[in-house]
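Try each task before you read its solution.

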Amino acid sequence: VMHDGAAFLDQQAAARPQVVRAKSYQAKVEQLWTDGLPRGSLTGWSSLDQYYTVAPGQWTLVTGYPCMGKSEFVDALAVNLSHQGWKFLVYSPENQPTEIHLAKLAEKLAGKPFGAGAGERMSLAEAQEHLATINERFRFVQPALDSPPTIPELLEAITPELAEFSGADSAPVGVVIDPWNEVETSRQAGMSETEFVSKSLTQLRNWCRHYSVHLWLVAHPQKMKRENGKLPIPTPDSVSGSAHFWNKADCALTVHIADRERPEVNILVQKMRFKHLGRRGLITLRYDISTGRYRDISVLPRPVTSWA
């Protein structure tokens, strides 16, 4: 795992394409033949694991309409992965103030409400215990007071943290950018929005691969027309800004609630670049609003044909 903390942007500016021979990868290919293509880390939900696993060096697009639980799901996934040794750097301006975000993460760890209300709330001692756990596994990027950061500024803030945070055991690191519209997207004269998105996503993808980081990027879809009174399920190419969100993503998930009267959330795996890590499919999880946790309710995942 490459977490050397060097100035990535300087390296990228100085780097030039190089021609390599297949033979230089022979040892790695033979190792793959011996060990088999590795699956990614499991998500913590057995139904989803059949379609989506998490590997370093890739990035996942997460989309869905507002109030469908995109941030809640990504937080729950991060907590599940943290139990397997993953550590997370999180830029989530919509989850401010940070102490509220910490309380929500503590609920997911404890399986108990943080505040008074339905069910037995966690004790102060339990809250302190889980806060200590969060302190070990999570770090948070605070937005500046005047304007949102650019992608280069985010990478400059995060990159020096990677080596020390990963530690001597080279723990895998995940990065969350939630959401895309809290990143500065102004561009130079003459550059279209599509060109800007393409360049930014290429930079994020190359950074993930260089540092063996998995990144989750939460992005809202553009406004869509209702069909028979219902909003259609958004696809990655409907993300506001550019179809490059689908083209360049390694993995793409949609979080969708079909019936707001039911505590059920559909997770649609709409793209998996590598078949040894997953495939397209649809599963349903049950959401517990008091703890922010999700649990499996479908023993057998539904095939992709059931999306319609």
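The exercises cover a helix pair, an aromatic pair and a pocket.

The model is predicted: local features need pLDDT of at least 70, side-chain atom pairs count only at pLDDT 80 or more, and totals for chains, interfaces and linings use all residues. Residues are numbered from 1 along each chain as its sequence is written, and side-chain values use heavy atoms, without hydrogens and water.

**Exercise 1.** Find how H5 and H6 are oriented to each other.

Step 1. Locate helix H5 at residues 98-110 and helix H6 at residues 124-137. Helices are DSSP runs (H or I, at least four residues), numbered from the N terminus.
Step 2. Take the angle, about 105 degrees, and the distance between the axes, 9 Å.
Step 3. Angles of 65 to 115 degrees count as roughly perpendicular, so H5 and H6 are roughly perpendicular to each other.
Step 4. List the contact (heavy atoms within 4.5 Å). H5 gives Leu102, Leu105, Ala106, Leu109 and Ala110, while H6 gives His130, Leu131, Thr133, Ile134 and Arg137.

**Exercise 2.** Classify the aromatic pair of Phe88 and Phe138.

Step 1. The centres are 5.6 Å apart, and the planes make 20 degrees.
Step 2. Rings of Phe, Tyr and Trp (its six-membered ring) pair if their centres lie within 6.5 Å, and planes under 30 degrees apart count as stacked. Phe88 and Phe138 are therefore stacked.
Step 3. Phe88 lies in strand S2 and Phe138 in strand S3, 50 residues apart. Strands are DSSP runs too (E, at least two residues).

**Exercise 3.** Describe the second largest pocket.

Step 1. A pocket is an open set of points on a 1 Å grid where a 1.4 Å probe fits, with protein on both sides within 12 Å along at least five of seven lines.
Step 2. The volume (space filled by probe spheres set on the points) is about 480 Å³.
Step 3. Of 14 lining residues (an atom within 4 Å of a point), the closest to the centre are Leu32, Pro38, Pro56, Gln58 and His276.

Terms used:
Axes fitted to C-alpha atoms, helices over the stretch in contact; angles between N-to-C directions. Parallel < 35°, antiparallel > 145°, perpendicular 65-115°, else oblique. Phe/Tyr/Trp six-rings, centres within 6.5 Å; stacked < 30°, edge-to-face > 60°.
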